[in-house]
Amino acid sequence: MKNLSLKLEENIFKETEDILNKINKSRNGYINEALQFYNKLQKRKLLSGQLEKESKLVKNSSMEVLSEFEMLDGED
């Protein structure tokens, strides 16, 4: 494990402490879970952005291929 010094806004700290007291969880465990959740969220956003970017790159060629298939279908 790595040690980390962290500065929190007072309202975030108080809210977190209130929640921790109610759920009987350690601050360290809670922060680890929160960061893990947020990391997954950010990875999904990054992946979504990458997929959107790549989809735009192949959009024109995909439309060309679709058009070619439609022409082949009409040849029967």
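Predicted model: local features only at pLDDT ≥ 70, side-chain atom pairs only at ≥ 80, totals over all residues.
Helix 1 covers residues 10-23, which makes 14 residues. From its first C-alpha to its last it reaches 20 Å, close to the 20 Å expected at 1.5 Å a residue. Which residues of helix 1 are buried? They are Thr-16, Glu-17 and Leu-20. Looking down the axis of helix 1, you will find these buried residues within an arc of 100°, so they line one face of the helix. The partner of the buried residues is helix 2, against which they pack.

Ile-19, with 30% relative accessibility, counts as partly exposed. Phe-13 also lies in helix 1, and Phe-13 is partly exposed, at a relative accessible area of 32%. If neighbours within four places in sequence are left aside, Phe-13 is in contact with Leu-8 and Arg-27.

**The loop after helix 1**

Just after helix 1 comes Asn-24, a residue of the loop between helix 1 and helix 2. Is Asn-24 buried or exposed? At 74% relative accessibility, Asn-24 counts as exposed.

**Along helix 2**

Helix 2 takes in residues 27-73. Lys-56 is found in helix 2, and with 60% relative accessibility Lys-56 counts as exposed, since the cut-off for that class is over 50%.

| Pair | Apart in sequence | C-alpha to C-alpha |
|---|---|---|
| Thr-16 and Lys-56 | 40 residues | 42 Å |
| Phe-13 and Ser-61 | 48 residues | 52 Å |
| Ile-19 and Phe-69 | 50 residues | 58 Å |

**The largest pocket**

Now for the empty space in the model. In general, rolling a probe the size of a water molecule over the atoms shows where such space is left. What is the volume of the largest pocket? It is about 350 Å³. The lining of the largest pocket includes Met-1, Lys-2, Asn-3, Leu-4, Leu-6 and Leu-8. Phe-13 belongs to the lining too, and so do Arg-27, Asn-28, Ile-31, Asn-32 and Leu-35. Which helix gives the most to this lining? Helix 2 does, with five residues. Sorted by class, the lining has seven nonpolar, three polar and two charged residues.

Phe-13 lies in helix 1 and lines the largest pocket. Both of its listed contacts, Leu-8 and Arg-27, are also among the residues that line the largest pocket.

Notes. Residues numbered from 1 in each chain as written. Heavy atoms only, no water. 1 Å grid on protein atoms, 1.4 Å probe; cavity = no way out; pocket = protein on both sides within 12 Å on 5 of 7 lines; lining within 4 Å. Points joined across faces, edges and corners; volume = space filled by probe spheres on them. Helix = DSSP H or I, 4+ residues; strand = E, 2+ residues; numbered from the N terminus. Nonpolar A, V, L, I, M, F, W, Y, C, P; charged D, E, K, R; others polar. Expected span 1.5 Å × (residues − 1). Buried < 20%, exposed > 50% of the residue type's maximum accessible area, 1.4 Å probe, protein only. Arc of directions from axis to C-beta. Contact = heavy atoms within 4.5 Å.
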